[in-house]
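Subject: the model, and what turned up in it

Hi,

Here is the structure I promised to pass on.

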Amino acid sequence: MRGYEIWGWGDPADAPTTADLDALAPLVEQTTGIAAQGALQPAGPPELPPSRRLPNLPPSLRDLASQDPVSRARHGIGRSYRDVVRALRGDLTDVPDLVITPRSEDDVTAVLDWAGEVGAPVLPFGGGSSVVGGVEPVGLDAAVALDLGALSGLLEVDARSRSVRLLAGTLGPAAEAALKPHGLTLRFYPQSFERSTVGGWLATRAAGHFSAGPTHIDDLVESVTAITPTGRWESRRLPGSGAGPSPDRLLLGSEGALGVITEAWLRAQPRPAHRWSATLAAPDWASGTEAVRQLVQAGLQPSACRLIDPGEATLTGTLTTGKAALVLGLESLHADLGSAAAAALTIAADAGLRVVDSDDRSGGSASWRSSFVRAPYLREQLLLLGVLVETFETAVTWDRLDGLVNQVRVAVNDALVRVCGGGRVTCRLTHVYPDGAAPYFTVLAPSRRGSEVQQWDEVKAAASEAILAAGGTITHHHAVGRDHAAHYRRQQPAPFGRALAAAKRELDPRGVLNPGVLIPGP
Ligand SMILES: Cc1cc2nc3c(=O)[nH]c(=O)nc-3n(C[C@H](O)[C@H](O)[C@H](O)COP(=O)(O)OP(=O)(O)OC[C@H]3O[C@@H](n4cnc5c(N)ncnc54)[C@H](O)[C@@H]3O)c2cc1C
């Protein structure tokens, strides 16, 4: 399919075919209630504005630089709905002029030195799976995409401390493949695992798919190395430290605005040998959240604890009885899961939940897992068939959770009626904590061809306002990027905002690093 190398999730062989779309079209209306439209014909590689000349590129960098239009287009978008729609239509105006692929830290330093001299914005690029406008050079003059893909691989294993040193451009599957012979895993699986990198995870404070326990990349970090325009930043490898504010914390979530992450020491672990899972039906959403709250507050750290509302449970095939589903899972290095499983089931039963399937490969959780992994591929097919399909997420404390979910549903449903003439929003809890949870919303609606981006922007604006008004965060794990920058500023204390801007001025005095994300421009 034309242009798949730019807008597609998978390899060229994964591109949807006409037969795939013909087979899916009748199912779309059956499962979502939204009529499929005739398949959109992708525009193919876009006509790009000519590359603006970037002067005086040092000879040592010339071999690493490309102006290939397909590469420029691919590096100018992430993977949000609005990115994919615009790429499908060939509507890409803000793309980098140059893509540079450094092979060493010295190359990174050389790029930043040169960019500072000529005033060229530099946007670090990992896997390009950003869903918040993190890699798109919107309104920037003569921008450079810095693709970390060649800085990839496992450098060192400290078996005694059980930590591993990985280069920033290592993709998820490559990291796991390198750790496997050592009997280790990062046990870190964001849904974008296939297409995202170690450096991207650190720069966006990504979260893996486990619901509790160490599931944020923050939890795995021992030390981070970055190249900033004013010097190399390498933190000391430590299992913990009370020595003042943590240098790693400043780089975590820095989204390419403070430095280019080149490598990190991460905590690894042996592969869990024992798993248990069950799917339960909840009489209603509130009983489900109550069960989940009690489970985590009882000290259980379920690997899976996905409370899925009835609409989404039906759509994903997790539970088709019209009830909310709770997909519960436990993992252990040791065989002793029985007592934890029994405790979890007792708590759930007391809250009114009923087991519908329980063993070490329960059907509901298997179908949920497979829809989780396949979701990016399904999403692009739905989009081709004219369905507006996008997600957003937040986190909030238990005292405000049910209120937030209701308010967001109402705001988004109103916006969908106004903007799309209808549609649906579903919700699940992706991550759970003793003091709160992360609700994750999926929106499905009929799109209006040619106006998809405006439609989504209006719906998203309503969702974001509702989230902030109900006390949530603008993002739990999708990062800030350009899309959430204004909302991020509204939720941060003003002195913190000034301190962050001062850190930016100190580390990046010429303002070349990813201007427009996190911190307002000058
Ligand atoms: C289908 C889908 C599912 C997703 N599921 C999840 C999920 O389960 N959990 C989750 O947390 N996120 C998820 N995301 C969002 C996205 O995958 C994450 O934000 C991911 O961490 C981005 O990694 P990346 O390597 O693709 O980074 P990119 O998209 O290339 O970059 C993201 C940001 O980080 C910066 N950056 C990248 N590499 C570096 C570096 N080495 N140094 C400095 N800055 C850098 C970029 O400049 C940009 O601002 C999903 C996205 C999609 C499309």
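Glu 390 stands opposite Val 443 in E19. That pair belongs to the contact between E16 and E19, where 7 bridges join the two strands in the antiparallel sense. Strands here are DSSP runs of E with at least two residues, helices are runs of H or I with at least four, and both are numbered from the N terminus. Two strands count as paired if DSSP finds at least two bridges between them.

Before I go on: this is a predicted model, so local features need pLDDT of at least 70 and side-chain atom pairs count only at pLDDT 80 or more, while totals for chains, interfaces and linings use all residues. Residues are numbered from 1 along each chain as its sequence is written, and side-chain values use heavy atoms, with hydrogens and water left out.

Back to E19. Strand E18 (residues 424-433) pairs with E19 over 9 bridges, again antiparallel. The two form a hairpin with 2 residues between them, and Tyr 433 has Gly 436 as its bridge partner in E19. Strand E17 (residues 396-397) is also joined to E19, by 2 antiparallel bridges; there, Val 396 is partnered with Ala 437. How much of E19 is covered? Most of it: 10 of its 11 residues are buried, where buried means under 20% relative accessible area, exposed means over 50%, and partly exposed is in between (1.4 Å probe, protein chains only).

E19 also meets helix H16 (residues 452-469). The buried residues of H16 pack against strand E19 (436-446), strand E16 (387-393), and helices H5 (81-88), H15 (398-420) and H17 (485-491), with contact meaning heavy atoms within 4.5 Å. Among those buried residues are Trp 456, Val 459, Ile 467 and Leu 468, and also Glu 452 and Lys 460. The length of H16 checks out too: at 1.5 Å a residue its 18 residues should span 26 Å, and its end C-alpha atoms are 26 Å apart, which agrees. (The expected span is 1.5 Å times one less than the number of residues.) Just after H16, Gly 471 takes a positive phi of about 95°.

While we're on phi: most residues other than glycine have a negative value. Two residues here go the other way. Asn 56 has a positive phi near 55° and sits in the loop between helix H2 (18-32) and helix H3 (59-62). Ala 142 has a positive phi near 50° and sits in the loop between E3 and E4. Which of them is buried or exposed? Asn 56 counts as exposed because its relative accessibility is 63%, whereas Ala 142, at 12%, counts as buried.

That brings in the sheet around E3 and E4. It is an open sheet of 4 strands in the order E1-E2-E4-E3, with mixed pairing. Strand E1 (65-66) and strand E3 (122-125) stand at the edges with a single partner strand each, so one side of each has no neighbour in the sheet. Further in, strand E2 (residues 98-100) runs parallel to strand E4 (residues 144-147), and 3 bridges join them; Val 99 stands opposite Ala 145 there.

Another open sheet has 5 strands in the order E5-E6-E10-E8-E9, and its pairing is antiparallel. Its edge strands are E5 (154-158) and E9 (231-234), each pairing on one side only. Neighbouring strands in this sheet are turned by 10° against each other on average, direction ignored. Strand E6 (residues 163-167) is joined to strand E10 (residues 260-267) by 5 bridges, and Ser 163 has Arg 267 as its bridge partner in E10. Helix H6 (residues 105-118) lies across E8 (221-228), E9 and E10, running at about 45° to E8. For these angles, axes are lines fitted to C-alpha atoms (for helices, over the stretch in contact), and values run from 0 to 180 degrees between N-to-C directions.

Cheers
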